[in-house]
Amino acid sequence: MGYSENQLRSSLTPAVSMILNTHYHSVIMKNPQSAWFIETHKELLDATFTMTLMSIIEALFLGPSDYEQYLHTQEQEGFAQGAYTAEIFGDHFDILLEMSKDLNLTAQNMMFRTIEALVDDSANRLFFYNRLMESNWTRFTGFAQGYLSNKNQQIDNLHEQKIAVMGQMAAGMAHEIRNPLASIKGFAQHVNNRLNEPEIKANELRAYMDITIKEIDTLNGLVTDFLMLSRKGDHAKNSGVVFNVIEVIHRVNNIVNQLILSGDIILAVDYSDETILTFGNASQLEQVFLNILKNSIDSFTACQGRIDITVTTADETHEIMLIFKDNGEGIPPDKLKQIFDPFFTTKQKGTGIGLSICKQLIEMYGGQIRVDSELQAGTSVRVTLPWVCESNERVEGGLLNAQ
């Protein structure tokens, strides 16, 4: 045959480590992200790539039937590896895909040189070249198909989830809109009937119309809430301004005190500075705080309880921390995980969108909201907001940069 099979195998086998080192070096030189990926996952990459290259070398010397079976196995193993890779390296798959493609080229070039040096007959060299390229391509194709299959499944799952959420939204909207619509229709019919009577009572008709207008306002508020829930709200960022959180707390305190009809509920506010600035929309933040406090009031049994609001700042993180703590009945652990889900509610007449919108509004301007609760002990809501220090505040493009 013009070559020694043992000599060719023994020359190709030690070339594997050289192939990998050459490959890693070229990838590392491309960008810092690729370098980080190799450094972090080098042990796993070494094991996977070495096994693949060694199997390709052995395939060069298989008989026809064994080689056909090898190609079939390579495609299946590549598919499984691609699906597994998409699962654990989904965020970095572009790097891994590029690495696999580059590895094929590096391996082929270096192995071609070894084959050319040891195999004299051109027909034999062409035979090995073809097998080498076919084995590489079969593995890489299976790998890519496995990845795409995994991603397609993820896309299908996301689509199903999206359809389910849309169904929930439609059901929630239909339920919440039906009652105001029924009221509007009923009072419109009353007005129509009264207009057919000999004596028109203006005050009665005016009362009916006032109720109708109120119900229309309720509908408008519901639609606004649903729109707020369904969009990212990125456009609203540019409408933000720097404002004083303490002033918002004062307004909320006054409003909530009007809602507390007895002295059995105590609302206490504690803060050290009269001016604590943040960036965002004061009206939206007011609605968030009111929603949190109304939930606390609803959690009290026999209308008794205490709500404590504390406002502090952290110099090291440039954050404002607001804690709303009540001693209400608390939230069960299984339900606590769902409180920010759209349309999830523990109230008989709740819409289940209040906390979802609160979370969206807080996060829109770079804040966070967290809820901790214990049954029969109470609930604590922690809200963090970016803190604009008075001495060096800076707002760029609608987003806060406090340094």
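Guide: The buried residues of helix H2 are Ala 15, Val 16, Ile 19, Leu 20, His 23, Tyr 24 and Val 27, where buried means under 20% relative accessible area, exposed means over 50% and partly exposed lies in between, computed with a 1.4 Å probe and protein chains only. The model is a predicted one, in which local features need pLDDT of at least 70 and side-chain atom pairs count only at pLDDT 80 or more, while totals for chains, interfaces and linings use all residues. Residues are numbered from 1 along each chain as its sequence is written, and side-chain values use heavy atoms, with hydrogens and water left out.

An α-helix has 3.6 residues a turn, so residues three or four places apart point the same way. The 14 residues of H2 should span 20 Å at 1.5 Å a residue, and the end C-alpha atoms of H2 are 20 Å apart, which agrees; the expected span is 1.5 Å times one less than the number of residues.

Two packed helices are described by the angle between their axes and the distance between the axes. The axes of H2 (residues 15-28) and H3 (residues 32-59) cross at roughly 145 degrees and come within 10 Å. Here the axes are lines fitted to C-alpha atoms over the stretch in contact, with angles from 0 to 180 degrees between N-to-C directions. The crossing of H2 and H3 is right-handed. On the H2 side, the contact is made by Val 16, Ile 19, Leu 20, Tyr 24, Val 27 and Ile 28; the H3 side includes Ala 35, Ile 38, Leu 45, Phe 49, Leu 53, Met 54 and Ile 57. Contact means heavy atoms within 4.5 Å. The residues of this contact divide into 13 nonpolar, two polar and two charged. In that count, Ala, Val, Leu, Ile, Met, Phe, Trp, Tyr, Cys and Pro are nonpolar, Asp, Glu, Lys and Arg are charged, and the others, Gly among them, are polar.

Buried residues make up 39% of the 403 residues. Among contacts between residues at least 6 apart in sequence, 75% join residues at least 24 apart.

Another helix, H7 (residues 202-230), holds Tyr 208, which counts as buried at 14% relative accessibility. Beyond residues up to four places away in sequence, Tyr 208 touches Phe 187, His 190, Val 191 and Arg 194.

Among the strands, S7 (residues 378-386) contains Thr 384, which is buried at 7% relative accessibility. Leaving aside neighbours within four places in sequence, Thr 384 is in contact with Glu 319, Ile 320, Met 321, Ile 362, Gly 367 and Gln 368. Leu 277 is placed in strand S3 (residues 277-280) and is buried, with a relative accessible area of 13%. The C-alpha atoms of Leu 277 and Leu 385 are separated by 9.6 Å, although the two residues are 108 apart along the chain.

Two loop residues complete the picture. His 318, in the loop between strands S4 (305-314) and S5 (319-326), has a positive phi near 55 degrees and is partly exposed at 23% relative accessibility. Gln 376, in the loop between strand S6 (368-374) and S7, has a positive phi near 65 degrees and is exposed, with a relative accessible area of 67%.

Notes. Helix = DSSP H or I, 4+ residues; strand = E, 2+ residues; numbered from the N terminus. Left-handed = near helix turned anticlockwise from the far one by under 90°.
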